[in-house]
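Q: I've got a structure open and want to walk through its side chains. Can you take my questions as they come?

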Amino acid sequence: MINLSLFVERLNEYIDDKNLTVSGLAKEIKFSRATVSGLLNKAHTPSAKILIALTEYFNCPADYLLGLTDFPADKNFGCVKPFGPILRTCLKNAKITETQLQKDLKISSSLTYRWLSSKAMPGVNSLYELAKYFGCSVDYLLGREN
C-alpha cells in the first residue's frame, strides 16, 4: 500500500515548483478541483488515471511520487502504453503463470483477465503490489520506461 502522506508531500513539492493552485492543477490535468483537493487532503488514494495525468504533467516518475524511490529520476518518460502486453511480458520474464499470480497476490481470474486484455488498468495499490512482485518500477508497468 502506498504511503499517502509521502505522496501528498511530493505532489505538493511539484505543485509549488510550478506555482500552481489546486484549481490550476485541476485544470491542467483535466480533473475536478474536488478530486485534486481530495488527494491533497488524503481523502482518497489516487486512481491510476490521475496518477498517470500527474506524472505526465509534471514529467516525473510514478515511483518517486508514490514513495517507492527516494530521489526522482532525471529523465524524460514515454507515454503510457496498454497494460496487458506489459503484464504478459512480466509474467513471461518471471516464468510465472497467470494462475500463480492470482494465487500469490490474492486476485481474481476475472481481474487478471481484464488486465491482460487491457480492458482495465490496475488501481494504484495494485500497481504498487505488482511492481514489488515483479521487482520492477511502476513506471515500467505503465509503459513509461523500458
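A: Start with a charge over a ring. The charged end of Arg 10 sits over the ring of Tyr 64, 4.0 Å from the ring centre. The criterion is NZ of Lys or CZ of Arg within 6 Å of the ring centre and within 35 degrees of the ring normal.

Q: What are the ground rules for this model?
A: It is a predicted model: local features need pLDDT of at least 70, side-chain atom pairs count only at pLDDT 80 or more, and totals for chains, interfaces and linings use all residues. Residues are numbered from 1 along each chain as its sequence is written, and side-chain values use heavy atoms, with hydrogens and water left out.

Q: Which residue lies over the face of Tyr 57?
A: Lys 18, at 4.9 Å from the ring centre.

Q: And which aromatic cluster is Tyr 57 part of?
A: Tyr 57 clusters with Tyr 14, Phe 58 and Tyr 64.

Q: How many aromatic pairs does the structure hold?
A: It holds 5. Rings of Phe, Tyr and Trp (its six-membered ring) pair if their centres lie within 6.5 Å; planes under 30 degrees apart are stacked, over 60 edge-to-face, the rest tilted.

Q: Why is the Tyr 57 and Phe 58 pair edge-to-face?
A: Because the planes are at 75°, with the ring centres 4.9 Å apart.

Q: Tyr 133 and Phe 134, what kind of pair?
A: Their planes are at 85° and their centres 5.1 Å apart, so that pair is edge-to-face.

Q: Phe 58, buried or exposed?
A: Buried, with a relative accessible area of 9%. Buried means under 20%, exposed over 50%, partly exposed in between (1.4 Å probe, protein chains only). Tyr 57 is partly exposed at 24%.

Q: How many residues of α4 are buried?
A: In α4 (residues 48-58), 8 of the 11 are buried. Among them are Ile 50, Leu 51, Ile 52 and Phe 58. Helices are DSSP runs (H or I, at least four residues), numbered from the N terminus.

Q: What do those buried residues pack against?
A: They pack against α1 (4-17), α2 (22-29), α3 (33-40), α5 (62-65), α9 (124-134) and α10. Contact here is heavy atoms within 4.5 Å.

Q: What follows α4?
A: Asn 59, whose phi is positive, near 50°.

Q: New topic. Where is Glu 145?
A: In the segment after α10 (138-141). Not counting residues up to four places away in sequence, Glu 145 touches Lys 75, Phe 77, Ser 137, Asp 139 and Tyr 140.

Conventions:
Helix = DSSP H or I, 4+ residues; strand = E, 2+ residues; numbered from the N terminus.
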